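Below are some notes for a colleague who is opening this model for the first time.

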Amino acid sequence: QVLLVESGGGLVQAGGSLRLSCTASGRTFSDYFMGWFRQAPGKEREFVAAVNWSGGSTYYADSVKGRFTVSRDNAKNTAYLQMNSLKPEDTAIYYCAARSGGVGKYMYWGQGTQVTVSS
């Protein structure tokens with residue numbers, strides 16, 4: 001079992017920045033491929049970004065490329081999502097998730113953190 005706890009959400013003006021953190025406990029963090037997802041009101045949950053076990057490979061949704069940066073610190077059991085140039089359409093609950101393989105379903109999810117971008 002892996003417990004994931006997100007933090008760092010909040011209210012920010014358009015053009016601003018936030019950094020989300022996802023701290024894991026329960027298993028060896030470096031064994032897990034980490035992803036970030038978001039869900040806006042009335043919309044489906046969508047993929048935002050992911051980082052592989054070592055942090056050497058990252059993946060992004062087209063909507064956030066060039067604005068968001070995903071990373072991890074295995075010594076701190078923490079994944080990060082640095083969000084710059086935020087837009088009102090980035091408003092959502094952001095979730096981190098973990099899976100053991102490079103493909104397949106994410107097995108573990110955090111409780112989410114709210115990000116609100118005002119125009």
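**Notes on side-chain links**

1. Asp62 and Lys65 form a salt bridge in which the closest N and O atoms lie 3.2 Å apart; the term salt bridge is used here for a side-chain nitrogen of Lys or Arg within 4 Å of a carboxyl oxygen of Asp or Glu. Asp62 is exposed, at a relative accessible area of 65%, whereas Lys65 is partly exposed, at 49%. In these notes, buried stands for under 20% relative accessible area, exposed for over 50%, and partly exposed for what lies in between, with a 1.4 Å probe and protein chains only.

2. As to the basis of these notes, the model is predicted, so that local features need pLDDT of at least 70 and side-chain atom pairs count only at pLDDT 80 or more, while totals for chains, interfaces and linings use all residues. Residues are numbered from 1 along each chain as its sequence is written, and side-chain values use heavy atoms, with hydrogens and water left out.

3. How many salt bridges does a search of the whole structure find? The search gives four, and one of them, besides the pair in the point above, is that of Arg38 with Glu46, whose side chains meet at 2.6 Å, N to O.

4. Another salt bridge brings together the side chains of Asp90 and Arg67, at 2.7 Å from N to O. This pair links distant parts of the chain, 23 residues apart, since Asp90 is in the loop between strand E8 (78-83) and strand E9 (92-99), and Arg67 is in the loop between strand E6 (58-60) and strand E7 (68-73); strands (E, at least two residues) are DSSP runs, numbered from the N terminus. Both Asp90 and Arg67 are buried. Through salt bridges that share partners, Arg38, Glu46, Arg67 and Asp90 are joined into one network.

5. Turning to disulfides, taken as pairs of cysteine sulfur atoms within 2.5 Å, the count comes to one. Which cysteines does the disulfide join? The link runs from Cys22 to Cys96, with an S to S distance of 2.0 Å, and it is right-handed, with 60 degrees about the S-S bond. Distant parts of the chain are linked by this pair, with Cys22 in strand E3 (residues 18-25) and Cys96 in strand E9, 74 residues apart. Cys22 is buried at 0% relative accessible area, and Cys96 also counts as buried, at 0% relative accessibility.

Note on methods:
Helices (H or I, at least four residues) and strands (E, at least two) are DSSP runs, numbered from the N terminus.
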